[in-house]
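Here is a brisk tour of one model.

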Amino acid sequence: MNQFELPLQITTVAGLELSLRLLTESDLPMVMELERSAHSHPWKQSSFEDCLKGRQRCWLAECGNRLVGYVVVTHAGGDAELLNIAVSPKCQRKGVGSLLLQHAINCVIGHADMLFLEVRVSNRKAIELYSKEGFFELGNRKNYYPTMNGYEDALLMASQL
């Protein structure tokens with residue numbers, strides 16, 4: 001176990017005291033509840049179950065006993081990918097997303113040279129966060145994300161580690 005697998009105590013810029021720890025099987029119901037509240041087209045539970053047995057890692061951010069966010073990242077072959085990140089709607093704009101993103105970056109440094117991600121072109125809050133954290137735009141993926149009425153493009157972004 002390395003330092004990024006141990007529970008960590010950290011405070012956001014807004015003063016929220018968070019505990020970061022890896023996902024366990026017993027966390028799946030509350031993770032799915034947050035996933036459904038944060039995303040219009042949520043991941044299936046099996047995607048989170050993959051974090052328990054694969055190269056993917058999912059870190060949870062808790063405030064007290066309440067799940068307020070999570071981040072999923074993977075790395076292989078010198079690259080890393082941010083697969084999912086979500087913050088409870090009640091805790092958005094309080095530094096939780098930034099803290100989770102910084103934690104994911106720290107966890108893949110030394111394993112990858114670049115961290116890639118896709119984000120809905122309409123998700124201005126997320127794009128603003130990624131840009132503030134040093135991500136730059138690489139291009140678009142046409143019709144990447146499902147919507148209620150079809151598909152939406154994804155913005156491909158990356159950060160040099």
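## The largest pocket

The lining of the largest pocket divides into 22 nonpolar, 14 polar and nine charged residues. The model is a predicted one. The volume of the largest pocket is about 1,200 Å³. Its lining has 45 residues, and those closest to the pocket centre are His39, Ile85, Asn123, Ala126 and Tyr130.

Which elements build the lining of the largest pocket? At least two residues each come from β1 (8-11), α1 (28-38), β5 (78-87), α3, β6 (112-120), α4 (124-132) and β7 (136-147). Strand β5 gives the most, with seven residues.

## Helix α3

Helix α3 covers residues 96-108. Its length can be checked against expectation. At 1.5 Å a residue, these 13 residues should span 18 Å, and the end C-alpha atoms are 19 Å apart, so the two values agree.

The helix is mostly covered, with eleven of its 13 residues buried. Val96, Gly97, Ser98, Leu99, Leu100 and Leu101 are among the buried residues of α3. His103, Ala104, Ile105, Cys107 and Val108 are buried too. After α3 comes glycine 110, with a positive phi near 95°.

## Cysteines

How many disulfides does the model have? The count is zero. Cysteine 51 is in no disulfide, and its nearest cysteine sulfur is that of cysteine 58, 5.0 Å away. A disulfide is a covalent bond between the sulfur atoms of two cysteines. The cut-off is 2.5 Å between sulfur atoms. From cysteine 58, the closest cysteine sulfur is in cysteine 51, and at 5.0 Å the gap is too far for a bond.

Are these two cysteines buried or exposed? Cysteine 51 has a relative accessible area of 5%, so it is buried. Cysteine 58 is buried as well, with a value of 2%. The cut-off for buried is under 20%.

Leucine 83 sits in strand β5. Its relative accessible area is 27%, so leucine 83 is partly exposed. Leaving out residues up to four places away in sequence, leucine 83 touches Trp43, Gln56, Val72, Val73 and Thr74. Between leucine 83 and phenylalanine 136 there are two separations to note: 53 residues in sequence and 17 Å in space, C-alpha to C-alpha.

Serine 159 belongs to strand β8 (residues 150-160). Its relative accessibility is 7%, so serine 159 counts as buried. What does serine 159 contact, leaving aside neighbours within four places in sequence? The partners are Asp113, Met114, Leu115, Gly134, Phe135 and Phe136.

Most residues other than glycine have a negative phi. Two residues here deserve a look for their backbone angles.

Arginine 93 has a phi near 70°, a positive value in a residue other than glycine. Where is arginine 93 found? It lies in the loop between β5 and α3. Its relative accessibility is 58%, so arginine 93 counts as exposed.

Asparagine 143 has a phi near 50°, also positive and also in a residue other than glycine. Asparagine 143 has its place in strand β7.

Conventions. Residues numbered from 1 in each chain as written. Predicted model: local features only at pLDDT ≥ 70, side-chain atom pairs only at ≥ 80, totals over all residues. Heavy atoms only, no water. Helix = DSSP H or I, 4+ residues; strand = E, 2+ residues; numbered from the N terminus. Expected span 1.5 Å × (residues − 1). Buried < 20%, exposed > 50% of the residue type's maximum accessible area, 1.4 Å probe, protein only. 1 Å grid on protein atoms, 1.4 Å probe; cavity = no way out; pocket = protein on both sides within 12 Å on 5 of 7 lines; lining within 4 Å. Points joined across faces, edges and corners; volume = space filled by probe spheres on them. Nonpolar A, V, L, I, M, F, W, Y, C, P; charged D, E, K, R; others polar. Contact = heavy atoms within 4.5 Å.
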